[in-house]
Amino acid sequence: MSREMWALVVVGGILALATLVGAVLLAVRVVRTRRLLGTLGVGGKVAFYGALIYTVLPVDVLPDPIYLDDMGVLAGALIYLTRLAHRRRTADRRVPGQPGTPLAGRSDVPPGPGQSRQIVS
């Protein structure tokens with residue numbers, strides 16, 4: 001083989017190794033979000049397990065030495081799970097009756113624990 005061909009093989013090998021490392025790092029981050037699955041509902045569980053199954057199975061859109069499709073699926077699942085967790089956290093912080101919540105000031109909504117209903121005449 002010529003010198004240019006060796007250089008191309010080395011650069012290709014380095015790129016394949018870099019994408020493999022990226023895919024492994026993304027998979028580790030997705031696995032770390034597993035502790036949130038109980039609070040994220042069915043959509044979170046489907047995104048989590050779907051991304052991991054797609055990454056592990058040998059059937060891919062691109063051949064296995066190219067991990068860009070795996071990285072894309074893992075990154076998409078990680079973004080989705082992060083947004084879902086953020087929405088869940090902000091929803092848990094809201095207490096009915098506080099300003100800015102959709103239930104504030106409505107008379108047809110029963111009072112929450114520790115709140116009393118005010119009768120306005």
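Trainee: What covers the buried residues of α3?
Mentor: The cover includes α1 (3-32) and α2 (37-56). Cover here goes by contact, meaning heavy atoms within 4.5 Å. Buried means under 20% relative accessible area, exposed over 50%, and partly exposed in between, with a 1.4 Å probe and protein chains only. One caution: this is a predicted model, where local features need pLDDT of at least 70, side-chain atom pairs count only at pLDDT 80 or more, and totals for chains, interfaces and linings use all residues. Residues are numbered from 1 along each chain as its sequence is written, and side-chain values use heavy atoms, with hydrogens and water left out.

Trainee: Which residues of α3 are buried?
Mentor: Asp69, Asp70, Leu74, Ala77, Leu78, Leu81, Leu84 and Ala85.

Trainee: And how many helices and strands in the protein?
Mentor: 3 helices and 0 strands. The order along the sequence is α-α-α. These are DSSP runs numbered from the N terminus: helices are H or I with at least four residues, strands are E with at least two.

Trainee: Why does the end-to-end distance of α3 agree with its residue count?
Mentor: Helix α3 (residues 68-93) has 26 residues, so at 1.5 Å a residue it should span 38 Å, and its end C-alpha atoms are 37 Å apart. The expected span is 1.5 Å times one less than the number of residues. For α1, 30 residues reach 44 Å, close to the 44 Å expected.

Trainee: Switching to the core. Which residues touch the most other members?
Mentor: Val30, Leu40, Phe48, Leu74 and Leu81, out of 14 residues in the largest nonpolar core. Each of α1, α2 and α3 supplies at least two residues of this core. α3 gives the most, with 6 residues. Such a core is a set of buried Ala, Val, Leu, Ile, Met, Phe, Trp, Tyr and Cys residues joined through side-chain atoms within 4.5 Å.

Trainee: What does Val30 touch?
Mentor: Phe48, Leu52, Leu74 and Leu78, leaving aside residues up to four places away in sequence. Val30 is one of the buried residues of α1, along with Thr19, Gly22, Ala23, Leu26 and Ala27.

Trainee: What about Val28, buried or partly exposed?
Mentor: Val28 is in helix α1. Its relative accessibility is 37%, so Val28 counts as partly exposed.

Trainee: Last one. What share of the protein's residues is buried?
Mentor: 19% of the 121 residues.
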